[in-house]
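Reader: I'd like to go through this one term by term and hear what stands behind each label. Can we start with the picture?

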Amino acid sequence: PSAVHRRTMLLLDHCVQDALAPRIDAAAARVLDRAGITLRRVAAGGCCGALSHHLSEEARAGALVRANIDAWWPHVEAGAEAIVITASGCSVMVKDYGHFMRGDPAYAERAARIGALARDVSEVVAAHWKALAPELVNTPPAKAAIAWHAPCSLQHGMQLRGDVERMLGEAGFTLLPVADAHLCCGSAGTYSLLQPELSGELKRRKLVNLGAGKPGLIATANIGCLAHLQSGTELPVRHWIELLDERLRR
């Protein structure tokens with residue numbers, strides 16, 4: 001969006017999501033624009049470090065974390081309210097920066113501050129829902145019946161449950177029942193690459209449960225889950241923020 005608001009938040013940028021599905025961050029920026037918030041990209045920085053951390057490549061992960069802190073810090077000092085992350089797997093990592101960098105005297109204090117400012121996009125949208133809800137269109141969505149897959153990073157890692165479901169429901173979607181909704185889809189960071197047989201079986205089971213109610217699409221909150229599930233189904237798999245963006249008046 002071209003509008004510049006008084007309130008500013010930073011976007012975790014240069015993630016693998018930017019290559020696989022750049023439309024997700026664009027949708028998030030439009031939604032927050034309607035809430036009077038400018039979502040700002042920062043040229044420096046990059047990957048949150050989660051994948052390297054999953055692989056126990058701690059030196060590489062630390063370098064990525066430091067690069068992000070260095071990139072974001074001037075904007076934090078200038079008044080940026082939060083760091084917004086649209087992939088829940090990355091949200092968990094950035095929220096944990098303080099713990100991850102606790103032994104680094106040069107970065108520990110700033111890392112703790114960054115971690116405290118980290119927000120999954122669902123937290124930000126939920127906090128501004130009263131202002132956004134009146135902007136929802138009245139016509140029903142083209143594919144109203146959907147299956148919701150809550151990533152492990154969202155429902156277990158951050159203990160964020162119910163907000164996305166509630167907002168999608170108020171936006172006109174019907175969330176169909178999904179058996180074993182608490183279980184992993186098999187993506188799990190690098191797990192789908194390193195354990196393809198087990199990962200594939202988890203994916204198969206998850207897709208059976210997600211498809212049982214004959215949804216028009218599957219919604220989720222993490223690019224790893226999205227790409228993994230999409231590889232096994234003809235149903236569209238989309239980030240929930242895209243669906244919400246489409247339900248708000250232009």
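This is a predicted model: local features need pLDDT of at least 70, side-chain atom pairs count only at pLDDT 80 or more; totals for chains, interfaces and linings use all residues.

Reader: Which residues are closest to the centre of the largest pocket?

Author: L51, H54, G189, N222 and G224, out of the 35 residues that line the largest pocket. Several elements give two or more residues to that lining, among them α1, α3 and α10. The most comes from α14, with 5 residues.

Reader: How do you know how many residues of the lining are nonpolar, polar or charged?

Author: By residue type: Gly, for instance, counts as polar, while Asp, Glu, Lys and Arg count as charged. On that basis the lining of the largest pocket divides into 20 nonpolar, 14 polar and 1 charged.

Reader: On to the sheet. What is the order of the strands, and is the pairing parallel or antiparallel?

Author: The order is β2-β1-β3-β4, an open sheet of 4 strands with parallel pairing.

Reader: What makes β2 and β4 edge strands?

Author: Each has a single partner strand, so one side of β2 (37-40) and one side of β4 (118-120) are left without a neighbour in the sheet. Neighbouring strands are turned by 35 degrees against each other on average, direction ignored.

Reader: How do you know that β3 pairs with β4?

Author: Pairing needs at least two bridges, and 3 bridges join β3 (residues 83-85) to β4. So by that cut-off they pair. I85, for one, stands opposite D120 in β4.

Reader: Which helices pack on the sheet, and which strands do they touch?

Author: α4 touches β1 (7-11), β2 and β3, with its direction at about 175 degrees to that of β1. α5 touches β3 and β4, and its direction makes about 160 degrees with that of β4. Angles over 145 count as roughly antiparallel, so α4 against β1 and α5 against β4 both get that label.

Reader: What makes the contact of α4 with α7?

Author: From α4 it's I69, D70, W72, W73 and V76, and from α7 it's R110, A111, R113, I114 and L117. By class, that contact has 7 nonpolar, no polar and 3 charged residues.

Methods: Residues are numbered from 1 along each chain as its sequence is written. Side-chain values use heavy atoms; hydrogens and water are left out. Contact means heavy atoms within 4.5 Å. On a 1 Å grid over the protein atoms alone, a cavity is a set of points where a 1.4 Å probe fits but cannot get out, and a pocket is an open set with protein on both sides within 12 Å along at least five of seven lines; lining residues have an atom within 4 Å of a point. Axes are lines fitted to C-alpha atoms, for helices over the stretch in contact, and angles run from 0 to 180 degrees between N-to-C directions.
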